[in-house]
Amino acid sequence: RPASVRKVRPSTTAALAEPLMPARRAVSGSLRGISVSQAGQPEVAARRVSSLNDGEALLGFSSGLCSGRCFLYWLIFLSCLGGLLFGYDTGVISGASLLLKERFRLGAVELEAVVSSTILFAALGSLASGPINMRLGRRPTILLGSATFTLGALLMAASASFGTLVLGRVIVGVAVGLSSGTVPMFIAEVAPTAMRGKLVALNNVCIVSGQVLAGLVDGSFALVPAGWRYMLGLAAVPAVVQLVGMAFMPESPRWLLEQGRRGEARAAMLRSRERTPTCEAEVESEIAEMAAAITLQREAEAALRRATVPIRPVDEGGGGGGGSSAAGGSGGAARLLTSSASALASFFWKTFFARERPILTARARADAAAAAIAGTAATGPEEATTTASAAAAGMVAATRDGGACIIT
């Protein structure tokens, strides 16, 4: 449309045909690629067209249902339910614990176990969310968290013993960890660049809102018989809503690009973008930037793996090579684990509690040793020997403090 009439409301026919135009243009562009740029490889280009159409049909983009800004807000709402559940399940126990203490006759230790088990397993779940996200994707991880939330809430509401109650709290803790590590990343990857900051911040707002909601629910059911069952079980309602809603949502475009599924990534991004004359160009630009960032990240990780050289422990006792010869047996394996744990504990102690940072110290000693080695060219043989010995000592000290050398 001309620039002067872009904001004019289109006719009914144009409004019905407009959602199909991006798919038509994508197919026609790919077909042109068969005859022009890939004339020698028509089968490869045809497969690309087929995968593009399959991805758009699977995501519902070609039908034009619930696309644009409306779809984006619905997607963010479903994602932020994970933050709401995070806040609710960590805050609801403050009011429910008073009733649980009377119902199960809990002592101090048992009550602490009920309260803290969710936090402990939330930490473990957040550690597990990274590998799960990389292997399965963001959407399946959110679905797994929703199912875990539902299972834990129903188990707590129906619990008849202390063990069942703690098991439900443990399951909810795992769900909290999965949600806290996945939802902000998913929102950041599906949101447009101009709205990314405010949409990611909504997850934090939902966490606090969940804690407020937990306080209101605790107050509402405090005087109800077996009110703790309602307090703990109501978390299943938003979990089921998220589970059903996210089942029909697309995957993160960045994860799809990492898997080489560019057509599906483009369709998912187009579905959550407002229809403007420059929509497709902006999406293609974002996809190009994502692809470049993914390539750069992989190259940096590969370079870091090549550059990081593990350092063998230095025998300061002068005991010779007896320890290395015993490393092949079971005693050597135990000694290796012990020395690794000791080195790790020493590293964290020096990093977070000591006044002197070990990495900075190692770097300073390594720089001084390198400067000393460079200075040997302008000295005589005796001075060079002394300087080289000091440089070697500096390198050993730097290795012992830093734990690893980055060769550049």
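Predicted model: local features only at pLDDT ≥ 70, side-chain atom pairs only at ≥ 80, totals over all residues.
Residues are numbered from 1 along each chain as its sequence is written, and side-chain values use heavy atoms, with hydrogens and water left out.

Helices (H or I, at least four residues) are DSSP runs numbered from the N terminus. Two packed helices are described by the angle between their axes and the distance between the axes. Helix α4 covers residues 69–91, and its axis lies 7 Å from that of α9 at an angle of about 45 degrees; the axes are lines fitted to C-alpha atoms over the stretch in contact, and angles run from 0 to 180 degrees between N-to-C directions. The two helices, α4 and α9, are therefore oblique to each other, given that angles under 35 degrees count as roughly parallel, over 145 as roughly antiparallel, 65 to 115 as roughly perpendicular and the rest as oblique.

## Residues between α4 and α9

Contact here means heavy atoms within 4.5 Å. Among the residues of α4 that meet α9 are Leu72, Ile76, Cys80 and Phe86, and the α9 side includes Leu199, Leu202, Cys206 and Val217. By class, this contact of α4 with α9 has 13 nonpolar, eight polar and one charged residues, where Ala, Val, Leu, Ile, Met, Phe, Trp, Tyr, Cys and Pro count as nonpolar, Asp, Glu, Lys and Arg as charged, and the others, Gly among them, as polar.

## Helix α8 and its two partners

Helix α8 (residues 162–190) and helix α9 (residues 196–220) have axes that come within 9 Å and cross at roughly 160 degrees, so α8 and α9 are roughly antiparallel to each other. On the α8 side, Val183, Pro184, Ile187 and Ala188 meet Arg196, Leu199, Val200 and Asn203 of α9, and the residues of this contact divide into six nonpolar, one polar and one charged.

With α4, helix α8 packs at an angle of about 150 degrees, the axes being 9 Å apart, and the crossing of α4 and α8 is left-handed. Leu75, Ser79 and Gly82 are among the α4 residues in this contact, while the α8 residues include Val176, Ser179 and Val183.

## Cavities inside the model

How many cavities of 30 Å³ or more are there? The count comes to two, where a cavity is a set of points, on a 1 Å grid over the protein atoms alone, at which a 1.4 Å probe fits but cannot get out, and lining residues have an atom within 4 Å of a point. Grid points are joined across faces, edges and corners, and a volume is the space filled by probe spheres set on the points.

The largest cavity holds about 50 Å³ of space, and its lining includes Gly82, Phe149, Ser179, Val183 and Gln242. The largest share of that lining, five residues, comes from α7, and by class the lining has four nonpolar, seven polar and no charged residues. The second largest cavity has a volume of about 40 Å³, and Leu75, Val190, Glu251 and Arg273 are among the residues that line the second largest cavity.

How values were computed
1 Å grid on protein atoms, 1.4 Å probe; cavity = no way out; pocket = protein on both sides within 12 Å on 5 of 7 lines; lining within 4 Å. Left-handed = near helix turned anticlockwise from the far one by under 90°.
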